[in-house]
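Here's a quick briefing to read with the structure open beside you. Start with the annotated site, then step back to the whole fold.

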Amino acid sequence: MAVHDPATGQPLCRVADVGPEQGLAALSAAADAQRDWARTPARERSDILLRAHRRLLAEVERLALIATLEMGKPLAEARGEIAYAAEFFRWFAEEAVRLDGGYLPAPAGNSRFLVARQPVGPSLLITPWNFPMAMGARKIGPALAAGCTCVVKPAEQTPLCTLALAEILHESGVPAGVVNIVTTSDPGRLMTPLILDPRSRKLSFTGSTEVGKKLLEQCARTVMRTSMELGGNAAFIVFDDADLKAAIEGALAAKMRNIGQACTAANRIFVQRGVFEEFARGLAERMAALPMGRGTEAGVVVGPLIDADAVAKVSDLVADARAAGARVLTGGEAVDGPGNFYPATVLADVPDSARMCRTEIFGPVAALSTFDTEDEVVDRANDTPYGLVAYVYTENLRRGLRVCEALETGMVGLNQGVVSSPAAPFGGVKESGLGREGGLVGIDEFLELKYIGVQL
Ligand code: NAP
């Protein structure tokens, strides 16, 4: 199947289009390699991941170019993503050698409980197109550290990053069969038999809530363990006592990372009435000045969206918001091709009923509205089935912590517009997902607890 450059619409190259038979062969390879990989000393697994960490950093320019060409993000952001991906390998290399257990006296005193942590087994890892390198590393890193083999299915639009990652892992010492990549234009046909196969013990998925729900239903049939990193609808809240300059920069970061195509993107920006106009003007000025173009060109911040459908979706959402009374402060019109470009856009007075407040915009459009009180904004922020992340800007620590606690999300940025870190537990509540990736708990997603009762 062809892989395209979203900046030009032109094909870059072709990769294998794998069907169910080859998919099952990949699972067989993973299942066959599982026992030896689990028995490989943790220090060896850790060293392999450390070598891969160093290789990613040493090859950042080559890898960033691959990411920019197939996905569109500006080179500077692509370099950041490679560094982020590399850090997952280092973090989990460090975790691989720290798998602890327990030795407990039974309450009755006549026996002891040993508690061990063991690899869950062959794991299916499905990743999205928006951070292909980082999402691959965020799953492969803990799987390998825990002693699990895997079959990785990247998104159809961005297989090259994952193939490059696999090559580096292989050259860093990952044995044959431990990491298997399957690329396909028909993910359901390929993955359903793998999900239903009892040799698969774990599904770790990052993608949309809609697909995540379907996969959860499939996993129920074999009671397979799952981790689900799904969609978001982040609220970005600016109180009138905020450092407005910092809030504008934070909003820019939370909105424009990956050209707005991030699960963590600020989707609804609530600004307290007294500072609304100043904030809106400041953000619109910054957004209007962002250079748009091909990600490989120097200085570009607004690269292309992933495909023509994404541009059509963003255009529809903007038209719907305008019809509902939103004011355009900058941008607001798709630009002519070639390539899938949409300019940085700021809309004021977007009503909560607008479709863009209910769904992921996944584009460079900031939707602003005013609020009056703390209770009101918390209620409005929580009025969504999603619960991945929120952002709060205030100089009042008591209010900041109160609001952070009241927000129904897995993560909150308090006076910061980016929360992602390999050392922090990343994940959502409600329909944004199950489980956490990264942090001290990230490796647990690939481990089972085993309790051994010992009679004295
Ligand atoms: P998507 O359409 O759900 O696709 C995600 C992955 O699932 C892709 O590899 C896709 O393959 C695959 N897939 C689709 N249907 C499948 C099926 N029936 N069986 C097995 N696999 C299937 O999402 P996306 O558009 O690529 O990514 C954007 C979404 O990901 C957004 O909702 C975003 O919020 C979310 N996301 C969440 C996080 C997080 O950590 N919470 C991080 C990044 C992105 P194809 O590409 O071939 O369709």
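Leaving aside its neighbours within four places in sequence, which residues is E229 in contact with? The list runs R138, F205, T206, G207, L388, F426, G427, G428, S432, G435, R436 and E437. Keep in mind that this is a predicted model.

**The annotated site**
- You'll find E229 in strand 9, which spans residues 225-229.
- Buried or exposed? E229 has a relative accessibility of 3%, so it counts as buried, the cut-off being under 20%.

**Overall fold**
- In total, the protein has 13 helices and 18 strands.
- Its radius of gyration is 23 Å, close to the 23 Å from the globule rule for 456 residues, so the protein is as compact as a globular protein of that length.
- Along the principal axes, the C-alpha atoms fill a box of roughly 70 × 60 × 40 Å.

**Packing**
- Of the 456 residues, 56% are buried.
- Take the contacts with a separation of 6 or more: 73% of them link residues 24 or more positions apart.

Technical notes. Residues are numbered from 1 along each chain as its sequence is written. This is a predicted model: local features need pLDDT of at least 70, side-chain atom pairs count only at pLDDT 80 or more; totals for chains, interfaces and linings use all residues. Side-chain values use heavy atoms; hydrogens and water are left out. Helices (H or I, at least four residues) and strands (E, at least two) are DSSP runs, numbered from the N terminus. Buried means under 20% relative accessible area, exposed over 50%, partly exposed in between (1.4 Å probe, protein chains only). Contact means heavy atoms within 4.5 Å. The radius of gyration is taken over C-alpha atoms; the globule rule is 2.2 Å times the number of residues to the power 0.38.
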